[in-house]
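Good morning, colleagues. May I ask you to look at the model on the screen while I take you through its elements, its cores and its contacts.

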Amino acid sequence: MSWIKITMKFDGTCIVCNQKVKAKDIGLWSKGVGVKHEKCAEKNEELKCIMCGGLAGCISCEFIKECDLQVVSKLCICKKCEQEQNSFDFYKNSVMKKFPVLNLKI
Amino acid sequence: MMWSEKYRPKNILDLVGNEEPRKLLVEWFTKWKKGMKPILLVGPPGIGKTTLANLIAKQYNYDLISLNASDVRSKQNIQEILNPVLGNQTIFGTPMIFIDEVDGVHGRADYGGVEAIIKILKESTVPIILAANSDLSKKMQNIKKSVQTIQFRPLPPRLLLFYLNKILQLEDAKISTDSLMKLVKESRGDIRSMINFAQALVTGYNPPTEKSFEVLDVEGGVNSFYKSNSVDEARSILYSLRINPRDKINAFYSSIITSKMNVDDMQKFLQIISSADMLYGKIMKTQQWRLLRYLDAILLGLYKKNLPIRYSKYNLSWPILNRIRWDGAKIKSLMELFVKDMHVSKSTFSSICLGFLLFCVKNKKIDLELDESLQEIIQKEIELIK
């Protein structure tokens, strides 16, 4: 995923902090992904495991080169939880617990 | 059946990743009342924006009225489709509007479309959800003023792998670890393309190894396509043939037209090529690149087991090409010789005068003193008019 430094032509929304990147400001742009502030690009927060709530172990993840931590969806899974039995059901239950609003029963 | 369809989530909880944006959308929907700003879902393709909008309509019992990239979204069309919905809700039940790929509304083909959408957004009396891959263009800036934006993100590769493993487990299929890793990396957060490629790999002609991801060149692609043992194998070859769609259509056309086959097959295949060509023409004209996904499905109709079709670069048979190349050059020099004396243009000579000239020579009305090669071509042409 390559990021290009651009002078913003229009206002945009930073994909890291969700705040405005104003027109004429410098932003980092990637095709199909969006823009982010230069400052936000320096942050490198590790993803969290949705199942156990701990850190997802990004440093030792086999996808560390491909996974842009600032861009991807914020909740991942850690190696340990991935290897649990019936891990997919466990994953769904965890989502249901943390985001009960998604469990629509209408 | 396509796995991406088979495993399409049945409810919002079945989706993977983007939990926070999903939550925001559900909350917006739960609180929705007249006058609230519509929602714009922004994010890369294949992460579930369209699926989410469909599911939310289904789960809240709304009647979904959707406009996607394959519809003409001009001002007139949008007004014709959506204005009745906004005015007469009782007739339409409880409608919800979903405009997919709103960033793809085309300036010319969909003239006035953006303005019409903005007008509807400002006066919304029903829930409206828009989806876009990017919100950075000028037209999107105008749309964004009237909506609340929810950003969707690509999925972390490990989560993708986790989901893919679940599907493979349900399908009782296996892919080597190397191929799995490569597949996940190449999908770049796009669940749909990852599932499609996985299916192509599992049902494909090559064992799921690293090599099966190699992009086939046009010659290898067409030849392997006709050597395949099953439709599934042919399908996976078509998917691997990542070349310009126009070149793909041309390659199949030239290969078919130069091969020996029965008239019925030839007619059927040319009909299929014609459909593919029309689809590509529509894509180019309207810039609805979303439709490109149907091109391979059309071209798959060109597969028939044990057909002697092999790749050929030229769309004419060799004897015809030979004649154009060599005889054409001789006719051209003959033409240059005559046009000056006859005071006519080259095209007039070749389309009108040449025929008469040949008849005169044939009936021995004139005797031309030409060199041997030109005499030869005249004799050849006379033979042909017999």
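Let me begin with a convention: helices (H or I, at least four residues) and strands (E, at least two) are DSSP runs, numbered from the N terminus. What you see is a predicted model, in which local features need pLDDT of at least 70, side-chain atom pairs count only at pLDDT 80 or more, and totals for chains, interfaces and linings use all residues. Residues are numbered from 1 along each chain as its sequence is written, and chains are lettered from A and ligands numbered from 1 in the order in which they are written.

I turn to chain A. Three helices and seven strands make up its elements, and from the N terminus they run β-β-β-β-β-α-β-β-α-α. In what follows, a residue is buried if 20 or more other C-beta atoms lie within 10 Å of its own, exposed if 12 or fewer, and partly exposed in between, with C-beta atoms placed from the backbone. Of the 106 residues in chain A, 29% are buried. Two residues are in contact if their C-beta atoms, placed from the backbone, lie within 7 Å. Among the contacts in chain A between residues at least 6 apart in sequence, 39% join residues at least 24 apart.

Two loops of chain A deserve attention. A:Val33 sits in the loop between S4 and strand S5 (34-37) of chain A. Is A:Val33 buried or exposed? It has 24 C-beta neighbours inside 10 Å and so counts as buried. The C-alpha atom of A:Val33 is separated by 9.9 Å from that of A:Ser2, 31 residues apart from it along the chain. The other loop, between strand S3 (20-21) and strand S4 (26-30) of chain A, holds A:Lys24. Most residues other than glycine have a negative phi. A:Lys24, although not a glycine, has a positive phi of about 75°, and it is exposed, with 9 other C-beta atoms within 10 Å.

B:Asn18 is not a glycine, yet it has a positive phi of about 50°. Its place is the loop between helix H1 (3-6) and H2 of chain B. With 26 other C-beta atoms within 10 Å, B:Asn18 is buried.

As for chain B as a whole, it has 17 helices and five strands. Buried residues account for 33% of its 386 residues. Of the contacts in chain B with a separation of 6 or more, 76% are between residues 24 or more positions apart.

How do the chains meet? The contact takes 34 residues from chain A and 35 residues from chain B. On the chain B side, helix H2 (19-31), helix H6 (138-144), strand S5 (148-151), helix H7 (157-171) and helix H8 (177-187) each supply at least two residues. H2(B) gives the most, with six residues. By class, the side of chain B that touches chain A has 13 nonpolar, eleven polar and eleven charged residues; here Ala, Val, Leu, Ile, Met, Phe, Trp, Tyr, Cys and Pro count as nonpolar, Asp, Glu, Lys and Arg as charged, and the others, Gly among them, as polar.

Next, the cores. A nonpolar core is a set of buried Ala, Val, Leu, Ile, Met, Phe, Trp, Tyr and Cys residues joined through C-beta atoms within 7 Å. Which residues have the most contacts inside the largest nonpolar core? They are A:Ile77 and B:Leu130, in a core of 86 residues. Leaving aside residues up to four places away in sequence, A:Ile77 touches residues including A:Met51, A:Tyr91, B:Leu159 and B:Phe162. Another core lies apart from it, with 19 residues, among them B:Phe225, B:Leu241, B:Leu299 and B:Tyr303.

I close with helix H11 (residues 231-240) of chain B. Its buried residues are B:Ala234, B:Arg235, B:Ser236, B:Ile237, B:Leu238 and B:Ser240. Their cover includes helix H9 (191-203), helix H10 (218-227) and helix H14 (295-299) of chain B. The axes of H10(B) and H11(B) come within 8 Å and cross at roughly 170°; axes are lines fitted to C-alpha atoms, for helices over the stretch in contact, and angles run from 0 to 180 degrees between N-to-C directions. H10(B) is therefore roughly antiparallel to H11(B), given that angles under 35 degrees count as roughly parallel, over 145 as roughly antiparallel, 65 to 115 as roughly perpendicular and the rest as oblique. B:Gly221, B:Ser224 and B:Phe225 of H10(B) make this contact with B:Ala234, B:Ile237, B:Leu238 and B:Ser240 of H11(B).
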